[in-house]
Amino acid sequence: MKGDKNVDIQALKDMANKLRIDSIVATNASKSGHPTSCASMAEIMSVLFFHTMRYKVSAPRDPSADRFILSKGHAAPILYAAWAEAGLFPVSELANLRKLDSDLEGHPTPRLSFIDVGTGSLGQGLAVAAGMAYVGKYFDQAPYRHPTSCASMAEIMSVLFFHTMRYKVSAPRDPSADRFILSKGHAAPILYAAWAEAGLFPVSELANLRKLDSDLEGHPTPRLSFIDVGTGSLGQGLAVAAGMAYVGKYFDQAPYRVYCLVGDGEAAEGSVWESLHFASHYKLDNLVVIFDVNRLGQSEPTSLQHQMDVYAARLKAFGLNTIVVDGHDVSELVKAFEEAAAVTARPTAVLAKTYKGRGFPGIEDKDNWHGKPLGAEGDKIIKHLQSQMKSQSPQLKGRAPLAEAPRVHLADVSLSTPPSYKKGELVATRLAYGTALKKIADTNMRYIECFIAEQNLVGVATGAACRDRVIAFASTFAAFFTRAFDQIRMGAISQSNIKLAGSHCGVSIGEDGPSQMGLEDLALFRTIPTATVFYPSDAVSTERAVELAANTRGICYLRTSRPNTPVLYNNDELFKVGQAKVVRQSSSDRVLLIGAGVTLHEALTAATTLHQQGIEARVLDPFTVKPLDNVAVLQHARAVGGHVVVVEDHYQAGGLGEAVLSALALERDIVVKHLFVSGVPRSGPPAALLDMFAISAPHIAAAAKELLKA
């Protein structure tokens, strides 16, 4: 009877009375309840449960099922009766109503598999139902998120995936295959659809878009086997594509090509133009950038709308081979991609004039449809689109790669020669970093100059490292990674294996002043879930940090310093990620000094001063700030009686000090004094600045004595 269009009125009347009878039996058995309140709604329950509502008796809370909220919860017996009559449990169980060992309580609770929320405190059920309805209308329509943004690029995707691109469905990330980066990541559904139609997975799985247990997320991530990098933070995809193309042209020297689709809205991002400059400068003729110029942004038209001549002039000025096409004309697209393949010494930009919501009657090229599900219009639009198709099952396949890419071995990277320094020799860690890079590259050092464009720098490194083609080390001032934080954040989402080195950290760089001083970088990188953070303090540990970073999967950050500092370690010293070093200790130590980089050397000087005053201090070099060697920090803090001074050339928030404080937070009888750069610094000699901000040896010694007096 349930769901049957031929309504059996008499059967529904009989069911209403059956529900009344069930309610009476239940309340009589419990000697309490509300049979009259149940009786008044019997016909309503009969029609809802046995004609109108759609649900699964085998899975009452199935997300796809209709919901029912009984706000007048005291009428629970008739709700229980309805589910019993539907077959969820025996009708005889209704006699257990309100018993201590029964979940058929006086008012409904979610102890029962068919109850979503407890009711009975009157006046609350409607709010719950409204919330469910809102989610159902606006959120659970997830398979149709951003349909208009997908529609504008349908012909582009069709031509690319079923005519132009060369790839292997059986191995989407094969190094020899063409690459495709969807920079406008919100159009993920049509990318997923292309791979499904290519045969990678069943088309039916698209219905799981955005569900918690599905990897078909709202924006692409490499949890999927066919995605190289996460996109969705707009303006970043082109840098990744440029990095891939550079590796393909100059390192792999393979015929695979790279295609990147950019939305016209994100073309306002400066990072896009950094990447266009890079691609043009390096003559990346294996790169094709497709601009989906659909005119409409999220809440209003884009600044240039359909001024294709303006787009074309800008791209030509950047040195790209520029082709303007009707983005919905398959023939023009085919021709454009063929022309791009024949062009040498220049990347190609295909400017596709498109319309948001193309093919959606009443919606195409209209405002206020960005990111909205089609709702009730969806089925009508699907039927309309199907009516435009000559074949409902087009038989098209992608083309195979032209040639195999060279094999690359990236495991077990080591320095070609061990460190070769004398203890006490003055060497800046930034210099030792460069020495180590040459050693791990040995005779195969490859260098890409990205110029003053840090966002593009990180994106290019991310793209270069994709598909395990290279181990990319990207280097700049520590301060300037802050402008690329979004790219670094997306690198973590992309499961990137990139190594980033920041020099000129802290006030110790001196006269260059605060704009050049990296004072936030440790905080930045410690927030990245996939990051390992190295902070070496001498030349030997720096070389070993580079070697370890090359072999550590994920994002690695190496913080290096400008001043020349003494070599502390023997050349054969062994270093490990997450393992600290004690560089000074005795059996009579009363305070633990923790520093890194220049402040480790200040701590050692302070320890000498304290010794001269009859106070022994232990000095610890953390080597990695993330992971911090919590065991060593705690062990040595206890060994000295719980007195700890941690000093860093960094702002207070997020750096070494807070890492140490977190490690000791739950420990009793341990007191930590944190010394840090306490305000915006200024130009000055390095030693004077260390002293001004109380992170020099005299201040460390004073802090230690203050702790011991407390």
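I began with the largest nonpolar core of this predicted model. The core has 85 residues. I listed the ones with the most contacts inside it: Leu-276, Leu-284, Leu-287, Phe-291, Ile-488, Leu-500 and Ile-594. Helix α9, residues 237-251, supplies the largest share of this core, with nine residues.

I then took Leu-284 and set aside its neighbours within four places in sequence. What remains in contact with Leu-284 is Ala-242, Ala-245, Tyr-246, Lys-249, Tyr-250, Phe-278, Ala-279, Arg-346 and Pro-347.

Next I looked up two strands. Strand β16 covers residues 643-651 and strand β17 covers residues 671-677. They pair in the parallel sense, over six bridges. I followed the chain from β16 to β17 and found that it passes through helix α21, residues 656-664. This β-α-β crossover is right-handed. For Val-647, I found Leu-675 in β17 as the bridge partner.

My last entry is on Glu-543, which sits in helix α18, residues 539-551. Is Glu-543 buried or exposed? I count Glu-543 as buried, because its relative accessible area is 0%, and the cut-off for buried is under 20%. Its side chain makes a polar contact with the side chain of Tyr-421, at 2.5 Å. Leaving out neighbours within four places in sequence, I listed the contacts of Glu-543 as Leu-415, Pro-418, Pro-419, Tyr-421, Ala-432, Thr-435, Ala-436 and Lys-439.

Key
Residues numbered from 1 in each chain as written. Predicted model: local features only at pLDDT ≥ 70, side-chain atom pairs only at ≥ 80, totals over all residues. Heavy atoms only, no water. Core = buried A, V, L, I, M, F, W, Y, C linked by side-chain atoms within 4.5 Å. Buried < 20%, exposed > 50% of the residue type's maximum accessible area, 1.4 Å probe, protein only. Helix = DSSP H or I, 4+ residues; strand = E, 2+ residues; numbered from the N terminus. Contact = heavy atoms within 4.5 Å. Pairing = 2+ DSSP bridges. Right-handed = clockwise from strand over helix to strand, strands pointing away. Polar contact = N/O pair within 3.5 Å; in protein donor to acceptor, adjacent residues only side chain to side chain.
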